Amino acid sequence: MTDSRSSASEPLIRLRGIARWYSSGFMKSYVLREINLGIREGEFVSIMGPSGSGKSTLLHILGMLDEPSAGEYEFLGEQVHKLSAKEKTELHKHYIGFVFQSYHLIDDLTVYENLETPLLYKNVKSSERKSLVSDVLDRFQIVAKKDLFPNQLSGGQQQLVGIARAVITSPRLILADEPTGNLNSAQGVEIMELFTKLNREGTTIVQVTHSEKNASYGRRTINLLDGRVEEPTHD
Amino acid sequence: MLKSHLIIALRNLIRFKAFSSINILGLGVGIGCTILILLWVQDELSYDRSLKNAENIYMVLRGDKEALTAVTSRLLAPTIREELPEVADATNLFKLPESFNFYFRYGNKGFEERLSLADTNFFSVFSFAFREGDRATALMDPGSAVITDGIRKKYFGDDNAVGKTLSVTAFGKEYPMRVSAVVDDFPHNSTIQSPIIFPNSWLQSLGLKDYGWKNQSVQTFIHLKDRVRDDAGIRALSSQIKACELRHDVFQPETLEYSLLPLTRSHLYGGGIKFLTTTGDIKYVRIFLAIAAIILLIAGINYMNLTTALGLRRTKEVGIKKAVGASREMLVAQFLVESLVLAFIAMALAMLFVELFLPEFNQLSGKQLVIEYSNPLFVALILTVTVIAGLLSGSYPAFFLSSFAPDQVLKGKVKPGIGGVFTRKGLVVFQFALSIVMIICTIVVFNQLAFIRNSNLGFDKENVVCISLTGEANNGYETLKTRLETDPDILGVTRSESMDSKGWNRTRGVGWQGKQNGDNASFWVLGADVDLASTYRIAMSQGRFFSRQFPSDQTNAFVVNEAAVKAMGMKSPLNQDISVFLIDRREGKIIGVTKDFHFASFHTAVEPLIIAIPDINQQNFFYRTVSIRFRPGTVSNSLAFIEKTWKEQMRDVPFSYYFYDESLKAQYSAEQRMETIFKYFSFLAILIASLGLFGLASFSAAQRIKEIGIRKVLGATVTDITLILSREFVMLVVLSNVIAWPVAYYVMDRWLENFAYRTGISWPTFLLAGAIALSVALLTVSYQAIRAALANPVEALRYE
């Protein structure tokens, strides 16, 4: 299946015949089947579908945290399915930011340290780390919270830190797994507006969501049902 | 209630298989080690206690603190018996030195045996069980012999021995001795080990001259009517004994001192007393007990740590139980039952361990310990150790786990992993600190023994073989020497007292010009011939050694060592006149001074020594050893030649030899044993500690699985994660070192004080111990860390 909206930019992601299954005994239980998908740089895509339709698995595969059982995955022209674990780690730590439903901040680290962590793994120099963290604290208006620990923050604030941590490395792609799932509606709106702003600034965003309202922030929606892509809808 | 406790305990054991196995293994090995050590300690403490009246029997010691000896005059016991009413009985025993072994024969069976002489009432003081013969009269007749059952079997097979005649070859003649009694073999934990005992009167019947009060060679034992409980009573009695001797022998110096050593203490507290050979030392009993405690503690801490860590998964159980009305005491009881159940399972493993390693341990410790399940004492010992281990390790977890407040727990507010972390880390530090102390001790003991081995003794101990020579056999010596020296591989032959200083005489009766009145210095006296210095390669610092060219050397010349020169305060010792009183008074000149050589062990500083050639008519008494130096590398050939020559020349005199350097090693057998034991137990200590660390690391990795997942998503590599997880534990081990080093230094510094000559404790020792502990810890932890780091982060993060 190809994207019906033609764009001048090259595809960032291309999936061909991706399937994911778990073997139990002689049975294969499919989570994803025959996924063909292209995502271009600068898109804001929402993946929707009922529980168990394979949304999160698809997102994990996109984020190289999980491997497809079959099919081909191309990221920025690289054949991901052929890369070693190490090369995949390199690829994803440079180009991809992750945002989780339950934020997944490290409990023992302060806001500042949480934000710094991905930079440490990219071997960013200390001085540069400082300025990057200050930048992002400013941008997200959480300077006052920098020395607090995650459990001292509200859910919305934690997710703000989660997104700040995802964008601090200036990724080309942000993958968000139900980012507002644990938030109240006011906080949810705030987060979705933040995503829209980031997308406008050029970051590609793929989010998994249950909510039509959230999906409407995106410019394209992919519907999954029982591991297959349903008729694409356009806004 | 108990049944429910037991069921929950067993289910938890099964539910957490990995943790249970680590706990059982650690506790099992810990209990096993403790049982082994306690068996040993129990044996050490049992010496002489099985004798009737053991606690009322004392050994008479002579001399002051500096030179305490276990030998007294043969006349002392009968005199005490007569003159001191508070003494119920007194007797004596003269155990002839090993180099004096006599040749015994019955029919065509003949062996060399160690002989002892005893007073007639010996067996009324010592209640050794009689198999044959009459206790009261066994030693009455000068021609009678009391033998052990072992000796009876050796000579008479299955027959009774009483009334039969055993002949003994002594001083070149054969004497018939009538076996008057057979006693049970002496128990191994008896300090008295005399397989053949003759009455004292036997010596007089041979017409040998007895020097009376001047001859201090027998051990005197007194049996008190009632136990004297206080020190004052013992001191009073000691001075009565002194007065007793002074009344009879006016020549004894006023400074003479007596003291009494309880028989039951002679095994462990008899070290350092001359002429008392004891293999025991209370110091080592204490050290071993400490090791047992340390190992049990390390194993117990494993349990505490793993259980509290794991218990955080059981907070809900505790909360619910409290909510439905369980009191804290019930919960404490429940957790203690669990630890006891585990301890008893570990005990089964421990017994397997003990059964498996007892033979090895016996060899290491030089004992013949046995496991007797029918012995209530042994069963009590095992049960006590197990219960202590169970309660010790269960107490803290019980207290900790039962402390959760139910509302908090059920609301999920107690976050796993937070409670008790500090204590857990502290306990790990403690465990590793103990292990490191043991490793350092092992290294220091090893270093000291290596230092002793490699030090220059001031003479050449290698390539010398010694052969025992007694009495009349000395008459054949000159010919033997001449024949031996025909072989070019024989580099020297000399005759002397036995070369370990144990059998030498020591005297304060040395006179020199300018000696101060109160000068009480004591000197060792060694009887040796002219070839001693050349054979043993003893270096001279002044003058010359004895020589055949100077006939006067035979009668009025002395060679002394530097320590003796110092003790006499001489500026120019050569040609100074001195007098030495030993058996007789001898006067002569100092013709040479040897450099100080280590004739005794490194435990003591080199003491003043005077070497003299014995009077011609006393040579058969003094000379007990022929020492032969052979060319290096010719051991077997030389030994064969020596044996052949010996047999041709000496005929009936048995050829019993030993290598001199081997005999020196015996001086350090206690240290040697300690080194081996330390080596094994410090290995076990670190093994048990790392077993616990392994469990904790796996727990910690499980605790941090979410964090690891996040970090991996953020781009952490396997190396990054491994480092993060290992660092935590590495820091703990580093901290352990900081604690362990000063402790180990203090302990080993004190241990080294046992040696007058010792190596220092150097930095590399500490670093090596630290490195060993660190690498063991790293190896243990990194396995878990790498496993955690390799896990798929999605697994950890999947659940939202």
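**Entry 1: a ring pair in chain B**

I started with B:Phe694, which is partly exposed at 26% relative accessibility (buried means under 20% relative accessible area, exposed over 50%, partly exposed in between, with a 1.4 Å probe and protein chains only). This is a predicted model, where local features need pLDDT of at least 70, side-chain atom pairs count only at pLDDT 80 or more, and totals for chains, interfaces and linings use all residues. Side-chain values use heavy atoms, with hydrogens and water left out; residues are numbered from 1 along each chain as its sequence is written, and chains are lettered from A and ligands numbered from 1 in the order in which they are written.

Next I looked up aromatic pairs, and the structure holds 39 of them over all chains. For a pair, rings of Phe, Tyr and Trp (its six-membered ring) need centres within 6.5 Å; planes under 30 degrees apart count as stacked, over 60 as edge-to-face and the rest as tilted. B:Phe694 and B:Tyr783 make a stacked pair, 5.7 Å centre to centre with 20° between the planes. B:Phe694 lies in helix H22 (residues 669-703) of chain B and B:Tyr783 in helix H25 (residues 763-790) of chain B, so this pair ties together parts 89 residues apart in sequence. I noted that helices (H or I, at least four residues) and strands (E, at least two) are DSSP runs, numbered from the N terminus. B:Tyr783 is partly exposed too, with a relative accessible area of 45%.

B:Trp741 is in helix H24 (residues 718-752) of chain B and B:Trp763 in helix H25 of chain B, 22 residues apart. Are the two buried or exposed? B:Trp741 is partly exposed at 22%, while B:Trp763 is exposed at 58%.

I also found a cluster linked by ring pairs: B:Phe122, B:Phe123, B:Phe126, B:Phe128, B:Phe130, B:Phe186 and B:Phe221.

Then I checked charges over rings (NZ of Lys or CZ of Arg within 6 Å of the ring centre and within 35 degrees of the ring normal). B:Lys154 lies over the face of B:Phe111, 4.6 Å from the ring centre. The charged end of B:Arg265 sits over the ring of B:Tyr269, at 3.7 Å from its centre.

**Entry 2: salt bridges**

How many salt bridges does the structure hold over all chains? I got 40, where a salt bridge is a side-chain nitrogen of Lys or Arg within 4 Å of a carboxyl oxygen of Asp or Glu.

A:Glu41 is partly exposed at 29%, and A:Arg172 is partly exposed at 32%.

In chain B, the side chains of B:Arg131 and B:Asp149 meet at 3.2 Å, N to O. B:Arg131 is in strand S7 (residues 130-133) of chain B and B:Asp149 in helix H5 (residues 149-156) of chain B. B:Asp149 is buried, at 4%. I also looked at the salt bridge of B:Arg544 and B:Asp553 (2.8 Å, N to O). B:Arg544 is partly exposed at 26%, but B:Asp553 is buried at 1%. Shared partners join B:Arg131, B:Asp149, B:Arg152, B:Lys153 and B:Asp184 into one salt-bridge network.

**Entry 3: where the chains meet**

The contact (heavy atoms within 4.5 Å) takes 22 residues from chain A and 18 residues from chain B. The two chains bury about 1800 Å² between them, 59% of it on carbon and sulfur atoms; buried area is the accessible area (1.4 Å probe) that two parts lose on being put together, summed over both. I counted zero salt bridges between chain A and chain B.

**Entry 4: chain B as a whole**

Chain B has 26 helices and 25 strands. Of its 800 residues, 53% count as buried. Its C-alpha atoms fill a box of roughly 105 × 60 × 55 Å, taken along the principal axes. Helix H23 (residues 705-713) of chain B is mostly covered, with seven of its nine residues buried. Among them I listed B:Glu707, B:Ile708 and B:Gly709. Just after H23(B), B:Gly715 takes a positive phi of about 110°.
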